[in-house]
Amino acid sequence: MAGRCGLRGTLGPGCSSRWPQGWRLSLRPPGARLAHAGAAAQLQQEYDAVVIGAGHNGLVAAAYLQRAGLRTAVLERRHVLGGAAVTEEIVPGFKFSRASYLLSLLRPQIYADLELQRHGLRVLPRDPYSFTPLLEDRSPPRSLLLGHGMAQTQQQIAQFSQKDAQAYPEYEAFMGRMVLALDPLLDAPPVDTAALGKGSLLQQLRNLQTLKPLLQAGLALGRQLPHYYEVLTAPISKILDHWFESEPLKATLATDAVIGAMASPHTPGSGYVLLHHVMGELEGRRGAWGYVAGGMGALSHAIAQAAAARGAHIFAEKAVCHVLLGRAGEAQGVVLQDGTEVRSKLVLSNASPQITFLELVPQEQLPKDFVQRIRQLDTRSPVTKINVAVDRLPSFLAAPNARDGQPLPHHQCSIHLNCEGTQLLHQAFTEAAHGHPSSRPMIELCIPSVLDPGLAPPGCHVVSLFTQYTPSVLAGGRSWDEQARNAYADTVFDCIEDYAPGFKASVIGRDILTPPDLERIFGLPGGVEHLPWRDVSGPVVLRPASTILLWLPVPNSWPVPVWKWSPPWRRSDGSSRTQCRPGGYQGFQASLMRLVKLTSRTQGYDSSMPY
């Protein structure tokens, strides 16, 4: 466990303890039990397909492969399945979504195909969903509460600006039209613009077909296309300044444009990150994010159950050392750290691009320019995730708790702290850009146990703190040692105390995950939560190199899969929120057909076939 997980001497009156004083952290937390749900009794020597890593995307891939009739094995390094979408009991009695903590963008097609509800997935929607308390010289301080009811939301915004309250419905409609136009692109194969003019005439015609969804999106946007293009490329501060004048509203909305990215609201392209967050969908509600009952590990468990029910073999604590290659460079299986060889006709990787191509595959088998592009991927993460066990709910100055201590509507929200204005976010970014953890970090505080009481003992709660900005490497080349971790966590707790006096006294234990910790534990390069769309240099559709991983130059082998750069966590991440989306579903089906054809081959591939 990274950081510290200390105990206070006493518990609050409402929180009952079920463990003895002086507990010790188990090396195999109860979450490990989920790892073997549906696992095969014995690892076989040969499969049709092997998936490296049991992150949620790898598990989805395995479920589809097994559904298509390919004997599939999933090999996970850790003791628990799910990658960054896991539930772990870090403090006894408290079950944390240790990395990823919110769910959205679980594509309806995947939800239906894998029958995830039948396999136990239960989502807990939130309404209201956003709460921003302020620090100001008035009693009580004001706060901004946003929900799905437009009238109530406008009343909240009107505290700060009548003009903004009137403009907000139009802003929502503007973003909604963009989402409706672009949403089909999530289920379509990504465009590889570099390949459009290459290959035979037949191949070029096939490549042009991939432009169809993009052209349809452009037609749907119509004359407003230039304005929508600006959303994809401009700083989010510029977009929000166009619509609104009140800083608390702009800062609250801006958090979704910079969260998880080493970027300021003034960074060009940050509006593109915001778009992904408003494109979320939860049980038919557009733009919604929710908690998973049982923690994020329950999502991974449901997907694993769906794959295992179809016959997939899933193993924890089976770390892959490298990919086995034949004489012609074709993938023939994998070798585990204990020396065990597992042969397969296909190898898919749910590991990061860096691990997949720079560690598991011999460098001499890859084109030099390909390797160079992998090395140049921007994996700077600003995120430190802190999981906290508390013996009572925080009581905010702007919205004090009820006398009985029961949850109020704002407790179920994403609670935004240090978000009085976009300039505060920019200042926090600037400090980290110079190698210093933010002195007043942007904090997103969530309390999933408000809607899911089983995550904590009676009267207690689990608190998720998704904070930024923290550099991966501190100024002067210093590393994140125990002292640096705790100093930053203390800064975060001091900030929360300003908004909710008594918070520090309620803390039972904490788990501090800096960017290096997120990389070490979850395999997230640089601690980064979402590789593709966190790159604020521009949208995927405008950056040809962004589809590089769909064309792995080792025959018979794909990175996850066929999944178009699926982020492993959201504010894991799953830092994070978690996304499940193939790149896209049609692209996956096309690739799956190709995978089935390849099972009858011994090596090589037919380059004339579309991926």
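Residues are numbered from 1 along each chain as its sequence is written, and side-chain values use heavy atoms, with hydrogens and water left out. Because the model is predicted, local features need pLDDT of at least 70 and side-chain atom pairs count only at pLDDT 80 or more, while totals for chains, interfaces and linings use all residues.

A search of the whole structure finds 12 aromatic pairs, where rings of Phe, Tyr and Trp (its six-membered ring) pair if their centres lie within 6.5 Å, and where planes under 30 degrees apart count as stacked, over 60 as edge-to-face and the rest as tilted. One of these pairs joins F131 and F396, whose ring centres are 5.8 Å apart and whose planes meet at 70°, so the arrangement is edge-to-face. The pair links distant parts of the chain, since F131 belongs to strand β7 (residues 130-133) and F396 to the loop between β16 (383-390) and β17 (414-417), 265 residues apart; helices (H or I, at least four residues) and strands (E, at least two) are DSSP runs, numbered from the N terminus. F131, at 2% relative accessibility, counts as buried, a term that means under 20% relative accessible area, with exposed over 50% and partly exposed in between (1.4 Å probe, protein chains only). F396 is likewise buried, at 1% relative accessibility.

The rings of F493 and F503 also form an edge-to-face pair, because their centres are 5.4 Å apart and their planes stand at 75°. Here F493 lies in helix α16 (residues 482-499) and F503 in helix α17 (residues 503-506), 10 residues apart. F493 is buried, with a relative accessible area of 4%, and F503 is buried with a value of 2%. The ring of F493 additionally has the charged end of R510 over it, 4.9 Å from the ring centre; a charge sits over a ring if NZ of Lys or CZ of Arg is within 6 Å of the ring centre and within 35 degrees of the ring normal. The charged end of R126 sits over the ring of Y291, 5.2 Å from its centre. Elsewhere, one aromatic cluster is formed by Y168, Y171, F174, Y228, W243 and F244.

Two packed helices are described by the angle between their axes and the distance between the axes. The axes of helix α5 (residues 162-182) and helix α11 (residues 270-278) come within 10 Å and cross at roughly 80°, the axes being lines fitted to C-alpha atoms, for helices over the stretch in contact, with angles that run from 0 to 180 degrees between N-to-C directions. The helices α5 and α11 are therefore roughly perpendicular to each other, given that angles under 35 degrees count as roughly parallel, over 145 as roughly antiparallel, 65 to 115 as roughly perpendicular and the rest as oblique. The contact (heavy atoms within 4.5 Å) is made by Y171, M175, M178, V179 and L182 of α5 together with L274, L275 and V278 of α11.

Most residues other than glycine have a negative phi, and most peptide bonds are trans. Positive phi values occur at E317, near 55°, and at N418, near 60°. E317 counts as partly exposed, at 41% relative accessibility, whereas N418 counts as buried, at 3%.
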